[in-house]
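Subject: Structure handover

Hello,

Here is the structure I promised to pass on. Please open it and keep it beside this email while you read.

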Amino acid sequence: QVQLVESGGGLVQAGGSLKLSCAASGSIASIGIMGWYRQVPGKQRELVATMTNNFIANYAASVKGRFTISRDNAKNSVYLQMNSLKPEDTAVYYCNADRLFTSLGMRYDFWGQGTQVTVSS
């Protein structure tokens with residue numbers, strides 16, 4: 001069974017930095033796309049950044065130049081370095097893994113439990 005476990009959220013002042021980590025566990029041979037999404041109460045979950053297994057990154061316009069996504073394929077892990085944080089970055093951040101090649105075949109669209117990021121002004 002695949003599980004995603006996130007860590008690294010917390011409270012930070014505007015202008016500060018945080019790094020989120022997410023590790024996928026289970027009988028996983030490879031993961032096609034890993035990424036981060038975020039959600040605030042009353043709004044839809046939105047894409048923050050994604051990265052393919054050949055390290056092609058995609059960012060939301062609102063975070064480009066401030067956030068950096070990276071991944072370690074050997075560890076089935078993805079990271080999000082967040083710099084120059086703004087109060088509007090406050091949200092629950094969710095890790096996502098899609099197109100997983102596992103011992104049971106291809107699996108799709110797994111989510112972590114979410115980690116709270118709060119940026120104070």
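This is a predicted model: local features need pLDDT of at least 70, side-chain atom pairs count only at pLDDT 80 or more; totals for chains, interfaces and linings use all residues.

Start with Phe55, which sits in the loop between β5 and β6 (57–59). Its phi is positive, about 70°, although Phe55 is not a glycine. Most residues other than glycine have a negative phi.

Ser84 is found in the loop between β8 and β9. Ser84 is not a glycine either, yet its phi is positive, at about 50°. Its relative accessible area is 40%, so Ser84 counts as partly exposed. Then there is Asn76, in the hairpin of β7 and β8. Four residues lie between those two strands, and Asn76 takes a positive phi near 50°.

Now the strands of that hairpin. β7 covers residues 67–72. Which residues of β7 make up its covered face? They are Phe67, Ile69 and Arg71. Thr68, Ser70 and Asp72 are on the uncovered face. β8 covers residues 77–82 and runs antiparallel to β7, with six bridges joining the two. Across this pairing, Ile69 stands opposite Leu80.

β8 has another partner, β3. Six bridges join β3 to β8, and these strands run antiparallel too. In this pairing Cys22 stands opposite Val78. β3 also pairs with strand β1 (residues 3–7), in the antiparallel sense, over five bridges. There, Glu6 stands opposite Cys22. β3 has two faces as well. Leu18, Leu20, Cys22 and Ala24 form the covered one. Lys19, Ser21, Ala23 and Ser25 form the uncovered one.

Cys22 brings us to the disulfide. How many disulfides does a search of the whole structure find? The search finds one. Cys22 and Cys95 form it, with their sulfur atoms 2.0 Å apart. The pair links distant parts of the chain: Cys22 is in strand β3 (residues 18–25), Cys95 is in strand β9 (residues 91–102), and 73 residues separate them. The link is left-handed, with -80° about the S-S bond. Both Cys22 and Cys95 are buried.

Next, the nonpolar core. The largest one has 30 residues. Which of its residues touch the most other members? Trp36, Val48, Phe67, Ile69, Leu80, Met82 and Tyr93 do. The elements that give two or more residues to this core are β3, β4, β5, β7, β8, β9 and β12 (115–120). The largest share comes from β9, with five residues.

Leu80 is then in contact with residues including Leu18, Leu20, Trp36, Val48, Phe67, Ile69 and Tyr93. Find Leu80 in the viewer and look for those contacts.

The rings come next. A pair of aromatic rings is described by the distance of the centres and the angle of the planes. A search of the whole structure finds one aromatic pair. Tyr37 and Trp111 form this pair, at 5.1 Å centre to centre and with 70° between the planes. The pair is edge-to-face. Why does the pair tie together parts that are 74 residues apart in sequence? Because Tyr37 lies in strand β4 (residues 28–39) and Trp111 in strand β11 (residues 110–111). Trp111 is partly exposed, with a relative accessible area of 33%.

Two rings have a charged residue over the face. Lys19 lies over the face of Tyr79, at 5.1 Å from the ring centre. Arg45 lies over the face of Tyr94, at 3.7 Å from the ring centre.

Last stop: Val40. Its place is in the loop between β4 and β5 (46–52). Val40 counts as partly exposed, at 27% relative accessibility. Not counting residues up to four places away in sequence, Val40 touches Thr90 and Ala91. Val40 and Gln116 are 76 residues apart in sequence. In space they are 9.9 Å apart, C-alpha to C-alpha.

Best wishes

Methods. Residues are numbered from 1 along each chain as its sequence is written. Side-chain values use heavy atoms; hydrogens and water are left out. Buried means under 20% relative accessible area, exposed over 50%, partly exposed in between (1.4 Å probe, protein chains only). Two strands pair if DSSP finds at least two bridges between them. A disulfide is a pair of cysteine sulfur atoms within 2.5 Å. Rings of Phe, Tyr and Trp (its six-membered ring) pair if their centres lie within 6.5 Å; planes under 30 degrees apart count as stacked, over 60 as edge-to-face and the rest as tilted. A charge sits over a ring if NZ of Lys or CZ of Arg is within 6 Å of the ring centre and within 35 degrees of the ring normal. Contact means heavy atoms within 4.5 Å. A nonpolar core is a set of buried Ala, Val, Leu, Ile, Met, Phe, Trp, Tyr and Cys residues joined through side-chain atoms within 4.5 Å.
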